[in-house]
Amino acid sequence: MPTAPLNNKCRELGCNSPKTSRSTFCVQHGGGITEKGKENSKLYSQGYWKKQRQAQLSKAPLCAACLINGKVIQAEHIDHVFPHRQNAERFRRNLFQSLCPACHTIKTQFESRGVYLYYSKHGVITYNDADYNRVMKDR
């Protein structure tokens, strides 16, 4: 069976340096870790997050978005419904949902427009920044 070639080189035209793990570019062409990336690494490397992630995947091992569409796909990502933006309180106190990589990417694209998708048993609920305090008050 044919396989796709591995793309491990920098995307910059003419550059043959290896790309970084977080980018399609090498360090010289902007693929290095950013300040945002450093802050996120600190949050996601905490013991709290490892326990939260394991608990969420145990509780909901399937992608919530795919289930709404009648598909059974294993979740790999734990999503913060409200983006935390490196805020430690919002990182810990949030709505979490299990998503597959494809659905997580789609949800993240909506976030850039200020729309936060929550895939509930009853369908998709849309939130925005103004909803955070109200939703978290009820939890």
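By "over" I mean NZ of Lys or CZ of Arg within 6 Å of the ring centre and within 35 degrees of the ring normal. R92 does this too, lying over the face of Y48 at 4.1 Å from the ring centre.

Quick caveats: this is a predicted model, where local features need pLDDT of at least 70, side-chain atom pairs count only at pLDDT 80 or more, and totals for chains, interfaces and linings use all residues. Residues are numbered from 1 along each chain as its sequence is written, and side-chain values use heavy atoms, with hydrogens and water left out.

Back to Y132. Which residues share an aromatic cluster with Y132? F82, Y116, Y118 and Y127.

The structure holds eight aromatic pairs, meaning Phe, Tyr or Trp rings (six-membered ring for Trp) with centres within 6.5 Å; planes under 30 degrees apart are stacked, over 60 edge-to-face, the rest tilted. Take F82 and Y116: centres 6.0 Å apart, planes at 75 degrees, so that one is edge-to-face. This pair links distant parts of the chain, 34 residues apart: F82 is in the loop between β1 (77–80) and α4 (88–92), Y116 in strand β3 (residues 116–120). Helices (H or I, at least four residues) and strands (E, at least two) are DSSP runs, numbered from the N terminus.

Both F82 and Y116 are buried, which is under 20% relative accessible area, with exposed over 50% and partly exposed in between (1.4 Å probe, protein chains only).

Then there's Y118 with Y127, a tilted pair: 6.5 Å centre to centre, 35 degrees between the planes. Y118 counts as buried at 19% relative accessibility, and Y127 is buried at 13%.
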